[in-house]
Amino acid sequence: MENPTPSTAAPTEVRRQRAVQEALASVESITDLSVTEQLQKLDEAQQVLAAVLQNSSHIPQPGIPGVAPRT
C-alpha cells in the first residue's frame, strides 16, 4: 500500500468535490480540440459526474473514492 498524500487522505466528500472540479476544468477549453477529442473529453467528464452523483462503484473512474480505477 502506498503512503497517503494530502489528496488521498482527504475525506471522501472533499475528494468527490475535487473530482467534479477536475472534470469541469477538463472541458473548459475543448473548442481548441478536434471533434473526436472533444467527444472523448465530454464522455470522460460525464462518467466522472455520473459516478459522483450516483455514488456508484461500477463506473470506472480514477480519483473518485469508492469507484474502481479505469483499466
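1. The protein contains three helices and zero strands, and its order along the sequence is α-α-α. Helices (H or I, at least four residues) and strands (E, at least two) are DSSP runs, numbered from the N terminus. The model is a predicted one, in which local features need pLDDT of at least 70, side-chain atom pairs count only at pLDDT 80 or more, and totals for chains, interfaces and linings use all residues. Residues are numbered from 1 along each chain as its sequence is written, and side-chain values use heavy atoms, with hydrogens and water left out.

2. Of the 71 residues in the protein, 24% are buried. Here buried means under 20% relative accessible area, exposed means over 50%, and partly exposed lies in between (1.4 Å probe, protein chains only). Among contacts between residues at least 6 apart in sequence, 30% join residues at least 24 apart; a contact requires heavy atoms within 4.5 Å.

3. Two packed helices are described by the angle between their axes and the distance between the axes. For helix 2 (residues 12-25) and helix 3 (residues 35-54), the axes come within 9 Å and cross at roughly 155°. Helix 2 is therefore roughly antiparallel to helix 3. Axes are lines fitted to C-alpha atoms, for helices over the stretch in contact, and angles run from 0 to 180 degrees between N-to-C directions; angles over 145 degrees count as roughly antiparallel.

4. The crossing of helix 2 past helix 3 is left-handed, a term that applies if the near helix is turned anticlockwise from the far one by less than a right angle.

5. On the helix 2 side, Arg16, Ala19, Val20, Ala23 and Leu24 meet Ala45, Val48, Leu49, Ala51 and Val52 of helix 3. By class, this contact of helix 2 with helix 3 has nine nonpolar, no polar and one charged residues. In this classification Ala, Val, Leu, Ile, Met, Phe, Trp, Tyr, Cys and Pro are nonpolar, Asp, Glu, Lys and Arg are charged, and the others, Gly among them, are polar.

6. The largest nonpolar core has five residues: Ala19, Ala23, Ala45, Val48 and Val52. Helix 2 and helix 3 each supply at least two residues of this core, and helix 3 gives the most, with three residues. Such a core is a set of buried Ala, Val, Leu, Ile, Met, Phe, Trp, Tyr and Cys residues joined through side-chain atoms within 4.5 Å.

7. Leu24, located in helix 2, is partly exposed, with a relative accessible area of 46%. Leu24 and Leu42 are 18 residues apart in sequence, and their C-alpha atoms are 9.3 Å apart.

8. Ala25 also lies in helix 2 and is partly exposed at 43% relative accessible area. Its C-alpha atom is separated by 9.2 Å from that of Ala45, 20 residues apart along the chain.

9. Gln21 of helix 2 is exposed, with a relative accessible area of 53%. Gln21 and Leu49 are 28 residues apart in sequence and 9.7 Å apart in space, C-alpha to C-alpha.

How values were computed:
Parallel < 35°, antiparallel > 145°, perpendicular 65-115°, else oblique.
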